[in-house]
Amino acid sequence: VLATELLDRGFTVLVETSGAVDVGPLDPRAHKIMDLKCPGSGEVEKNLWSNLRHLTARDEVKFVVKDRGDYEWTRTVIRERGLDERLEAGSLRALLVSPVWGEVELKDLASWILEDALPVRLQMQLHKLIWDPNARGV
């Protein structure tokens with residue numbers, strides 16, 4: 001209801017979600033940035049796969065990768081669920097991959113992405129580079 005009210009007033013609404021709750025009722029004008037939990041998170045069973053059908057050309061899917069196994073799982077999900085095809089067709093805005101801070105080397109992750117020509121954007125947690133990685137509230 002809040003998202004719809006804001007959208008009706010001309011605001012742009014971005015909703016970041018873990019993907020564990022049904023996004024179907026969300027106003028389709030809202031931009032969704034949905035995480036798909038990798039196995040290394042210990043929460044992969046919480047992924048609500050039916051949410052993928054609610055994603056539109058303004059939406060993004062994010063994977064937070066802890067290790068090579070998470071990366072390979074991500075690559076498989078992107079290909080088997082047709083997320084790469086949706087991206088190419090314009091029915092999905094972006095696929096994002098972000099490393100778990102301190103768990104996977106950025107250079108390694110970048111190399112894997114390039115080797116596989118995976119159509120993703122590599123993201124960083126910039127606040128961890130700018131401030132102390134253990135700082136809270138920044």
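**View 1. Ile33 stands opposite Glu60 of strand β3 in this predicted model.** The two strands shown are β2, covering residues 31-35, and β3, covering residues 60-65. Their pairing is parallel and runs over three bridges.

**View 2. The open sheet is built from five strands.** Strand order is β1-β2-β3-β4-β5, with parallel pairing. At the edges lie β1 (14-17) and β5 (121-122), each of which pairs on one side only.

**View 3. Helix α2 lies across strands β3 and β4.** The helix spans residues 68-80, and β4 spans 94-99. Relative to β3, helix α2 runs at about 155°. A further helix, α4 (residues 106-116), also packs on the sheet, where α4 touches β3, β4 and β5. The direction of α4 makes about 150° with that of β4.

**View 4. Helices α2 and α4 pack against each other at an angle of about 30°.** Two packed helices are described by the angle between their axes and by the distance between those axes. Here the axes of α2 and α4 are 11 Å apart. The crossing of α2 past α4 is right-handed.

**View 5. Side by side are the residues through which α2 meets α4.** From α2 come Arg68, Tyr71, Arg75 and Arg79. From α4 come Leu109, Trp112, Ile113 and Asp116. Sorted by class, this contact has four nonpolar and four charged residues, and no polar ones.

Terms used
Residues are numbered from 1 along each chain as its sequence is written. This is a predicted model: local features need pLDDT of at least 70, side-chain atom pairs count only at pLDDT 80 or more; totals for chains, interfaces and linings use all residues. Side-chain values use heavy atoms; hydrogens and water are left out. Two strands pair if DSSP finds at least two bridges between them. Helices (H or I, at least four residues) and strands (E, at least two) are DSSP runs, numbered from the N terminus. Contact means heavy atoms within 4.5 Å. Axes are lines fitted to C-alpha atoms, for helices over the stretch in contact, and angles run from 0 to 180 degrees between N-to-C directions. A crossing is left-handed if the near helix is turned anticlockwise from the far one by less than a right angle, and right-handed if clockwise. Ala, Val, Leu, Ile, Met, Phe, Trp, Tyr, Cys and Pro count as nonpolar, Asp, Glu, Lys and Arg as charged, and the others, Gly among them, as polar.
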